[in-house]
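Colleague: Could you walk me through this model, starting with its charged side chains? I would like to learn how to read each feature as we go.

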Amino acid sequence: MFNLKRFNKDKKIKYSIVLLILSTVLIIFVVLLRIYKTFAIYKIDKEYDLIVSKIGDFRGLNLITKYYINGIENSNIPTDKNYEVYVTCDNANGSWNYNNWKLNIEDATKYKVNCEIDFYEKYVLASANSTTSTIVANYSNIENISSNYYLYGTDKNNLNQKNNDITNLNSDTTYYFKKCYEYNNEEICSNVSSLLTGGKVTDFDYNGTTGADGSEQTYTTVCNGTYKMETWGAQGGDSLNGYLGGYGGYSTGKIKLSKNEIVYINVGGQGVNPTSKSCNIPGGYNGGGFSQSCEGSWSINNVRAASGGGATHIALQSGLLSSLENNLAKLLIVSGGGGGSDYSHFASNNYYYSNGGHGGGYVGGSSYNGISLWQIENNFVPVPGGGQSYVDSIEGGQANYSTKAKSGTFGKGADANFSTEAGAGGGFFGGGVGKNWSGSGGSGYIGNPLLTNKTMYCYECEESNEENTKTVSTTCSSSTPTQNCAKIGNGYVRITIEECSI
């Protein structure tokens, strides 16, 4: 006979056993899962990419990171690899992969991991100048650093000098140094770096023979650093009886350049001084306008119209100044050339003469310089110099012969278009010419935004206080290239290394 009561009891026992087995399996699964999450997952070595600036969660791992650059907390990590990196993590082992520039996390024991990442510069780019070269340890704001100092010397394998600051180094000398400091009672030194101290001067003179010829010269930078550039434009040609061509202008500025950059230099030639009647006398190298000292349709006893002086410029692209109009980003600095002087004696004993307009500055000098009484009585208007644009370089001339006036163009002084006319000076924009006048001066240029500490000087000229056209008038002139002085004779270039790191 079927015993229902016993059947139900057996059934409950079976269910209980099954439930117990399932519960046991579940407990074992949970325990194993917990063990797996605690050990197995985080035993796998992993990398956390810190190249991006935003730090987020890491593959399910609750990774919290803080990072510091030279002891100061930052929201962006350095993108270059010129740093020593120190990693400290809780609940995991952390290290820095220098090749991939990534954080390595391994052997995590808990889900939550906190890491502090400290970046310390291996070295600084030290500043130097021509008189006192100095490297300064600038780590006063870094936390946990008890002292800092430099080991340095001229022998890379024997850094036998030690000091907190490095001062009074010899100019134009290569020094090797490494920066050391104590961090958490541990001495840490950077890799050895090198510095070529400032003060090395390289000069470039005009390399032609006649004033009208010449060729481009080059300079290759020896290091990453700051270079001071100085340019002098060429004087215009002289004529008879002491009438002189306008002086060349002076421009200066500083620019940061990388090692092994090629700089292209064109030094202006002085305008040609006529020794006899001649047509189409060539202008000075690099944009000087040609002159005409020939009789033409006039009955003239004596004519001496000189050609214009050439501009001097430095650029990051090869070519004469006139070829760079569509690539101003490569044009670094320009000094304008002076206009040629003019002296003419008519058969009727009328004379006209004037000195050339001076070059340089944001507006080149006009030819209104020592003109004759006859020119004044006949209302002759002086020819303006070149400016900073075609709008500035308007046509000049004089009231009686305005059709004979001609303005300069980019990089080129105006050529004479009359038989008794001087040539104009070359420049950023060349000077203009007019019938029976000397040539005016070409303008300078310091408008490149890469150029700093920049100024132009010109002889008795119009001044400007604007940063990109800053012009100072001077009464200093010299045949020797002199700072802040107008130039007599051919142009010149001087490049001085002021700050340099190899």
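Modeller: Gladly. A salt bridge here is a side-chain nitrogen of Lys or Arg within 4 Å of a carboxyl oxygen of Asp or Glu. Side chains of opposite charge can pair when their charged atoms come close. Before the cases, note that this is a predicted model, where local features need pLDDT of at least 70, side-chain atom pairs count only at pLDDT 80 or more, and totals for chains, interfaces and linings use all residues. Residues are numbered from 1 along each chain as its sequence is written, and side-chain values use heavy atoms, with hydrogens and water left out.

Colleague: How many salt bridges does a search of the whole structure find?

Modeller: Three. In one of them, Arg 494 meets Asp 203 at 2.8 Å, N to O. That pair links distant parts of the chain, with Arg 494 in strand S32 (residues 492-501) and Asp 203 in strand S15 (residues 201-205), 291 residues apart. Helices (H or I, at least four residues) and strands (E, at least two) are DSSP runs, numbered from the N terminus.

Colleague: Which residue does Lys 254 meet in a salt bridge?

Modeller: Its partner is Glu 498, again with 2.8 Å from N to O. Lys 254 belongs to strand S18 (residues 250-257) and Glu 498 to strand S32, so this contact ties together parts 244 residues apart in sequence.

Colleague: Is Glu 498 buried or exposed?

Modeller: The terms come first: buried means under 20% relative accessible area, exposed over 50%, and partly exposed in between (1.4 Å probe, protein chains only). Glu 498 is buried at 18%, while Lys 254 is partly exposed at 23%.

Colleague: Let's turn to sheets. What is the order of the open sheet of three strands?

Modeller: Two strands pair if DSSP finds at least two bridges between them. The order is S20-S21-S27, with antiparallel pairing. Strands S20 (278-281) and S27 (420-421) are at the edges with a single partner each, so one side of each has no neighbour in the sheet. S21 (residues 291-293) pairs with S27 over two bridges, and Gln 292 stands opposite Glu 421 in S27.
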